[in-house]
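I opened my notebook to follow the aromatic rings and whatever surrounds them. Here is what I looked up, in order.

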Amino acid sequence: EANDIFVGKVSDKNGYYASYDIADGIFLNIDKNRLPVSVQINDASCVLNVKKDLLENPNVSMLIECIGDNIIFKLCIANKEIFSNESLNSFGMPEVGYEIKSN
């Protein structure tokens, strides 16, 4: 496929209020209440350093956790952790924890 974009929705809402780069090329989209609505990774195979066919696997889980001043993001595909990052909560997201699984 020509597109190499990964989008993981956290909620059933469409659209977002703001988008923040929480890791190099990984964007957390939030609503007006500063709650996560989706994660978007453009050029995902390059950013995540994986083959494109792995990104087509339907077994995906994401963890988004905000604890104080830190945001923890983990992405697993096909039961393998392919990305993990901790970044600064510089945009006032409240303390939340989401674990999303699809298969």
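**Strands and rings**

I'm working from a predicted model, where local features need pLDDT of at least 70, side-chain atom pairs count only at pLDDT 80 or more, and totals for chains, interfaces and linings use all residues. Residues are numbered from 1 along each chain as its sequence is written, and side-chain values use heavy atoms, with hydrogens and water left out.

Next I looked up strand S5 (residues 60-67), which pairs with S6 in the antiparallel sense over eight bridges. Strands (E, at least two residues) and helices (H or I, at least four) are DSSP runs numbered from the N terminus, and two strands pair if DSSP finds at least two bridges between them.

Then I checked the sheet. It is open, has four strands in the order S7-S6-S5-S8, and its pairing is antiparallel. S7 and S8 are the edge strands, each pairing on one side only. From one strand to the next, the twist averages 5°; the axes are lines fitted to C-alpha atoms, for helices over the stretch in contact, and angles run from 0 to 180 degrees between N-to-C directions.

How many aromatic pairs does the structure hold? I found two. Rings of Phe, Tyr and Trp (its six-membered ring) pair if their centres lie within 6.5 Å; planes under 30 degrees apart count as stacked, over 60 as edge-to-face and the rest as tilted.

Tyr 20 and Phe 91 have ring centres 3.8 Å apart and planes at 5°, so I noted this pair as stacked. It links distant parts of the chain, 71 residues apart: Tyr 20 is in strand S2 (residues 18-23), Phe 91 in the loop between strand S7 (80-88) and strand S8 (96-102). Tyr 20 is partly exposed, with a relative accessible area of 28%, whereas Phe 91 is buried at 9%. Buried means under 20%, exposed over 50%, partly exposed in between (1.4 Å probe, protein chains only).

Phe 73 and Phe 83 make a tilted pair, with 6.2 Å centre to centre and 45° between the planes. Phe 73 sits in strand S6 (residues 70-77) and Phe 83 in strand S7, 10 residues apart. Both Phe 73 and Phe 83 are buried.

Last, I looked up the largest nonpolar core. It has 27 residues, and Ile 26, Leu 28, Leu 48, Phe 73 and Leu 75 touch the most other members. Such a core is a set of buried Ala, Val, Leu, Ile, Met, Phe, Trp, Tyr and Cys residues joined through side-chain atoms within 4.5 Å.
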